[in-house]
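I opened the model today and kept short notes on what I looked up. The entries follow in the order I made them.

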Amino acid sequence: VQVVESGGGSVQPGGSLRLSCAVSGSTSSVSSIRWYRQPPRKQREYVAAIASDDRTDYIDSVKGRFTISRDNTKNTVYLQINSLRPEDTAVYYCYAWALGYGYWGQGTQVTVSS
């Protein structure tokens, strides 16, 4: 399984971005996709997840602002992030869980500043 993120960038507070996580390889074996983020000089943290049955989960600080979704025809999971705040600045990583193994992408940078 290979995982590639894209869609990061620099935005002003209040702006929006849509991050993409393209999954290739044994995509049928993937049971869940998670997004993590690592702010500058901090540890990586879990942000959101979507399971194979489309159940979703979010940390409290992003509920109502972030939306995780999937397009199975494109083997891609999206993270729509709205009302961005400076504290959302981080490298965002996609993580695929498949048959007992986890696969990380290389990350995509999101910078929120005025």
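I began with the radius of gyration, taken over C-alpha atoms, with the globule rule being 2.2 Å times the number of residues to the power 0.38. A compact globule of 114 residues would come to near 13 Å, and the protein chain has 13 Å, so the two agree. I then looked up the spans of the C-alpha trace along its principal axes, which are about 40 × 25 × 25 Å.

I noted the provenance before going on: this is a predicted model, in which local features need pLDDT of at least 70 and side-chain atom pairs count only at pLDDT 80 or more, while totals for chains, interfaces and linings use all residues. Residues are numbered from 1 along each chain as its sequence is written, and side-chain values use heavy atoms, with hydrogens and water left out.

Next entry, secondary structure. I took helices (H or I, at least four residues) and strands (E, at least two) as DSSP runs, numbered from the N terminus. I found zero helices and 11 strands in the protein chain.

I checked burial, where buried means under 20% relative accessible area, exposed over 50%, and partly exposed in between (1.4 Å probe, protein chains only). Of the 114 residues, 43% count as buried. For contacts (heavy atoms within 4.5 Å), I looked at pairs with a separation of 6 or more, and residues 24 or more positions apart account for 51% of them.

Then I turned to strand pairing, which requires at least two DSSP bridges between two strands. I found β4 (residues 30-38) running antiparallel to β9 (residues 90-98), with eight bridges between them. In this pair, Arg34 stands opposite Tyr95. β4 is also antiparallel to β5 (residues 45-51), joined by six bridges. Here I noted Tyr36 opposite Tyr46.

Last entry, backbone angles. Most residues other than glycine have a negative phi. Which phi does Arg41 take in the hairpin of β4 and β5? I read a positive value near 60° there, with six residues between the strands of the hairpin. Arg41 counts as exposed because its relative accessibility is 82%. I also looked up Asp54, another residue that is not a glycine, whose phi is positive and near 75°. Asp54 is found in the loop between β5 and β6 (56-58). Its relative accessible area is 44%, so I recorded Asp54 as partly exposed.
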